[in-house]
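This report is written for a reader new to the structure.

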Amino acid sequence: MATEGQKVVLITGCSSGIGMAIAVRLARDENKRYYVIATMRDLKRKDKLVEAAGDAYGRTLSLLTLDVCSDESVKQCVDSVKDRHIDILINNAGVGLVGPIEALSLDDMKQVFETNFFGVVRMLKEVMPDMKRRRSGHILVISSVLGLHGVAFNDIYSASKFATEGLCEGVAIQLLKFNVTVSMIEPGPVNTEFEMKLLTDVSKKEFAGADAETLDHFRNCYLPTQVNLFQGLGQTPEEIAKCTQKVIESPRPPFRNLTNPLYTPIVALKYADETRSLSVHTFYHMLYNLGGVMNVSVRIMKFLSGGWLRRRTISPI
Ligand SMILES: NC(=O)c1ccc[n+]([C@@H]2O[C@H](COP(=O)([O-])OP(=O)(O)OC[C@H]3O[C@@H](n4cnc5c(N)ncnc54)[C@H](OP(=O)(O)O)[C@@H]3O)[C@@H](O)[C@H]2O)c1
C-alpha cells in the first residue's frame, strides 16, 4: 500500500515494452516517491515485470488486472485501488495494425480503436472525476509521432492516435480548471514486442482485396524500410520511461513530448507550406520513388547512431 507522501501511479498495459519499463523505473525510484499499480489484462504475463522490478515488487509495485476494452474490468480495477486515489494515470496499453486498408477487416480496425482510443476514454471516465474532485492529478497518454502525421499502410493505427490526440487536446483545456494536467508522450519507433507482433500478423495474412501493385509496395518497400527504421532509429522502452518520468517531475509538465528529436523535422514538415501538401508529396516520393534511397539513408543513420550494436528484438520477415 502507498505510504504517506508517495504518489500513486496507475499504468495500463504493463506486461511488456514501454508500460513495463515505466512501471519498473518509477517503482525503483531511489527516493521511493511512487507507489506503482502496474496493470495488465492477463496476470499470467506478469513474470518479466516481476523479475525486472526485483525487490520493488510487493513494496512500491503491485499488480492488478485491467483490460482497457472492458468497462467492467476498468471499474473493478479502479474500485480496488485504496479510496480510488490515483495521482498519476498513464494510458499506455495499445495495439498496432498495418496493411492496405482495402485488405483489412473492419473488425480488426474497430479493435484498434477499441483499445487505443476507447481504452483511454474508459480510463478517463473512471479516473478523471475523482481527480477533478480532489483538484489534483496528472494524466499521461503514450501517443505516437503517428498521432501527429499519417504514414501509408499505418492509416488505421495513425487515425486511432490522432483521435486520442484530439481527445486529449479538449480534455486538457477542461481539466486545467480543476488543476489536473494532461501530457502526451509521442515516441517514434521503439524496440518492443509491438513491431514483432505486427510482423507476425503480417506474415499470417494474405491481404486479399488489395491489388498486386499496392501489395508489392507494401511487402517489398514499406515493410523492409520499417524494419530498418526500427533497427536503426528505434529507441529503447527505457528511454521512453526516462522521458516519461521527466515529464511527470517537471514543475510545468509539457503537453506534447516527442521522445526522438530525429522526428521533429518530419512533424514540422506538415506546417512548412501554405497548402499543407508538402508532407503528403514528400511521403509519397519517399515511399514510391525513393524507397531505395530511404533504405540506404536509414542504414547510414543506423551506422552513425551505433544502431548496428543494438540488440535485435525483431526479425525481418
Ligand atoms: N513500439 C513502438 O514503436 C511505439 C511507438 C509509438 C507509440 N507506441 C505506443 O506505446 C504503447 C505501448 O506499446 P509497446 O511498444 O510497449 O508495445 P507492446 O510491448 O506490444 O505493449 C503493449 C501493451 O499493451 C497491452 N494491451 C493490449 N491490449 C490491451 C487491452 N485491451 N487491455 C490492457 N492492455 C492491453 C499489451 O498487453 P498483452 O500482453 O495482454 O497483449 C501490452 O502490455 C502503445 O500505446 C503504442 O501504441 C509504441
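## Helix 3 and helix 5

Helix 3 and helix 5 cross in a right-handed sense. This and what follows describe a predicted model. The axes of helix 3, residues 71-79, and helix 5, residues 118-134, come within 10 Å and cross at roughly 35°.

On the helix 3 side, the contact is formed by Asp71, Val74, Lys75 and Val78; on the helix 5 side, by Arg122, Met123, Glu126 and Val127. Sorted by class, this contact between helix 3 and helix 5 has four nonpolar and four charged residues, and no polar ones.

## Helix 1 and helix 9

A second pair is described in the same terms. The axes of helix 1 and helix 9 (residues 237-249) come within 8 Å, with a crossing angle of roughly 55°. Helix 1 is therefore oblique to helix 9. The crossing of these two helices, helix 1 and helix 9, is right-handed.

Helix 1 contributes Gly17, Ile18, Met20, Ala21, Ile22, Arg25 and Leu26, which meet Pro237, Glu238, Ile240, Ala241, Lys242, Thr244 and Gln245 of helix 9. By class, the contact of helix 1 with helix 9 has eight nonpolar, three polar and three charged residues.

## Around the ligand

Which residues come nearest to the ligand? Of the 29 residues around the ligand, these are Gly13, Gly17, Ala93, Gly94 and Phe194. Helix 1 (17-27) and helix 7 (193-204) are the elements that give two or more residues to the shell.

The shell around the ligand has 12 nonpolar residues, 11 polar residues and six charged residues.

## Annotated domain

An unreviewed UniProt entry carries the annotation "domain: Ketoreductase" for residues 7-179. Over residues 7-179 the chain is 45% helix and 16% strand. The end C-alpha atoms of this stretch are 16 Å apart.

Key:
Residues numbered from 1 in each chain as written. Predicted model: local features only at pLDDT ≥ 70, side-chain atom pairs only at ≥ 80, totals over all residues. Near = placed C-beta within 6 Å. Helix = DSSP H or I, 4+ residues; strand = E, 2+ residues; numbered from the N terminus. Nonpolar A, V, L, I, M, F, W, Y, C, P; charged D, E, K, R; others polar. Axes fitted to C-alpha atoms, helices over the stretch in contact; angles between N-to-C directions. Parallel < 35°, antiparallel > 145°, perpendicular 65-115°, else oblique. Left-handed = near helix turned anticlockwise from the far one by under 90°. Contact = placed C-beta atoms within 7 Å. UniProt positions renumbered as here; feature names shortened; annotations may be inferred.
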